[in-house]
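Good morning, and thank you for coming.

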Amino acid sequence: MYIGELEVKDLHKVANWLHRMNEQDKHFVAWLASDPNEIFEQIWTLTQFKEPLAFVAWNDKQEIIGFLGILPFFEQKLCRLLGPFALSEEEAMIEQLWNKASLTIQLHFDVVKVACFEANHALVAFSEKKGFQLYNVEKTLAIHRSNFEPTDTKCHSIVNIGEEDKDQLDLLHPSAAYYTLNEMMELAGKESNKLWGYQVNGELIGYLYFETIIPDEEGEICFVNVAPGHRGKGIGSTLIEHAVQYAFHIYNLDAVTISVRTQNKQAERLYMQFGFREINKIFAYQKKLEKPQVPPTLH
């Protein structure tokens, strides 16, 4: 077995392997793209830095048996882990991948985050063993086309959000969200994604960001937020219904997912009224890194 830095020549092979792994609940890790081509772009980016940000484990037959990527946010001194993934002897492999990446993580970041399905027992066990703190638990809910009953209500307040709306959108978008404002707006420019706003008299008071996860199959409502002074007026419901109808009738998808914090019972009840049902739980962990103490200089 050998662990080395990800090389450009292996990108296609690694991207396809990661796609197969991440489709399984027992291996699923958040923040990795869903489509193999998007995974390729994502991990290609990791090879463009001076610092090593992606590591692959190979067996003696040159087959991939593990992977760990470091998704960097250098300005925030924060990184998110794409993995660790392990095909066999999972806990030992995850430990070795972490050890390989630790120097880069320790040198450049103050906080490291990882998120996975509850079913990823090996990664959950590793995170708790290494002192990661559980900072969020979210339920993943899904609705299928056959369970959705649309209304005939039309809403003229829903608009496509553009660059001119960025300042107003910035006031609504959570600073700790897993996509920054700029990331979300860039992704929304792709043909299969949508960013809708709810406007009243030119004021943006709510928005919803939707991504196609698997073309012709699955999409995700990634964010839906309403300004505090306008909550409880049905704006979020209107945006969700618009997105689900669009997903089923324009994108011709079979299912739409949405995540909700386990303590947000009000939002969960709202989603379930639409026909969403729980399919999984995502555990999100973070670890604040202690920097080594520099000994004082002797004079």
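I shall describe the sheet, then some of its strands, and then the helices.

A word on the source: this is a predicted model, in which local features need pLDDT of at least 70 and side-chain atom pairs count only at pLDDT 80 or more, while totals for chains, interfaces and linings use all residues. Residues are numbered from 1 along each chain as its sequence is written, and side-chain values use heavy atoms, with hydrogens and water left out.

Helices (H or I, at least four residues) and strands (E, at least two) are DSSP runs, numbered from the N terminus. Two strands pair if DSSP finds at least two bridges between them.

Let us start with the sheet. It is open and has twelve strands, in the order β1-β2-β3-β4-β5-β12-β6-β11-β10-β9-β8-β7, with mixed pairing. At the edges stand β1 (2-5) and β7 (158-160); each has a single partner strand, so one side of each is left without a neighbour in the sheet. On average, neighbouring strands are turned by 25° against each other, direction ignored. Angles here run from 0 to 180 degrees between N-to-C directions, and axes are lines fitted to C-alpha atoms, for helices over the stretch in contact.

Now consider strand β11, residues 255-261. How many of its seven residues are buried? Five are, so to speak, mostly covering the strand's account; buried means under 20% relative accessible area, exposed over 50%, and partly exposed in between, with a 1.4 Å probe and protein chains only. Strand β6 (residues 133-144) runs antiparallel to β11, and seven bridges join them; Ala142 stands opposite Thr257 in β11. With strand β10 (residues 218-226), β11 pairs in the parallel sense over four bridges, and Gly219 has Val256 in β11 as its bridge partner.

Further along, strands β8 (residues 194-200) and β9 (residues 203-214) are antiparallel and joined by seven bridges. There, Val200 stands opposite Glu203 in β9.

Finally, the helices. The axes of α3 (residues 90-108) and α4 (residues 121-129) come within 9 Å and cross at roughly 50°. The two helices are therefore oblique to each other; angles under 35 degrees count as roughly parallel, over 145 as roughly antiparallel, 65 to 115 as roughly perpendicular and the rest as oblique. The contact (heavy atoms within 4.5 Å) includes Ile94 and Trp98 of α3 and Leu123 and Phe126 of α4.
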